[in-house]
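Subject: A structure to look at

Hello,

Here is the structure I promised to hand over. Have a look at it first, and then read my notes below.

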Amino acid sequence: LFRSPRVGCFALSEPGNGSDAGAASCTAKLEGDSWVLNGTKAWITNGYEAEATVVFATTDKSQKHKGISAFLVPIPTEGLTRGKKEDKLGIKATSTCYLIFEDC
C-alpha cells in the first residue's frame, strides 16, 4: 500500500463507547469479495493528515470482543468522510476529527 513513510491514524474510539473495543457499534459486513464498513469513529488524531486508517469494527456480534476485526482503509475512499476539525485547547500540531463510514 505504501512505498515510503506516510501518516496514518488509528480509529478505535466511538461516540458513546469511548475506547471500549468490545462495545464497538461500527460494523463490517462481507458483501461479495469486499468488506463494507458503517459507523462513526471519534477523536481521531491525524484524521485530516492521514493517508490511511486502521479501523476497528464488529464483524460478529455473537462473539463479543472476539468478533472485532481491524481494517486498513486508504484515505480517500468512497463512503468515508471526515467530520469537522475539533477545536482543542492543546496539541494543535495535529488534527482531531470524526471519521464517518457510510457503506465504505
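Let's start with a charged pair: K92 and D87 meet through their side chains in a salt bridge, at 3.7 Å from N to O. By salt bridge I mean a side-chain nitrogen of Lys or Arg within 4 Å of a carboxyl oxygen of Asp or Glu. K92 counts as exposed, at 58% relative accessibility, and D87 is exposed too, with a relative accessible area of 73%. Here, buried stands for under 20% relative accessible area, exposed for over 50%, and partly exposed for what lies in between (1.4 Å probe, protein chains only).

Before going on, please keep in mind that this is a predicted model, in which local features need pLDDT of at least 70 and side-chain atom pairs count only at pLDDT 80 or more, while totals for chains, interfaces and linings use all residues. Residues are numbered from 1 along each chain as its sequence is written, and side-chain values use heavy atoms, with hydrogens and water left out.

The structure holds four salt bridges. Another of them joins E86 and K84, whose closest N and O atoms are 3.6 Å apart. E86 is partly exposed, with a relative accessible area of 30%, whereas K84 is exposed at 57%.

Strands are DSSP runs (E, at least two residues), numbered from the N terminus.

Now follow β3 (residues 34–45) to its neighbour: it pairs with β7 (residues 96–101) in the antiparallel sense over five bridges. Two strands count as paired if DSSP finds at least two bridges between them. Within this pairing, I44 stands opposite C97 of β7. Strand β7 also runs antiparallel to β6 (residues 80–82), joined by three bridges, and there R82 has L99 as its bridge partner.

F10, V54 and L72 make a nonpolar patch of about 280 Å². Such a patch joins nonpolar side chains (Val, Leu, Ile, Met, Phe, Trp, Tyr) within 5 Å, and like charges within 9 Å, using residues with over 30% relative accessible area and no salt bridge. The areas come from the Shrake-Rupley method with a 1.4 Å probe, and for residues only the protein chains shown count as cover. L72 belongs to strand β5 (residues 68–74) and is exposed, at 52% relative accessible area.

Best wishes

Key
Helix = DSSP H or I, 4+ residues; strand = E, 2+ residues; numbered from the N terminus.
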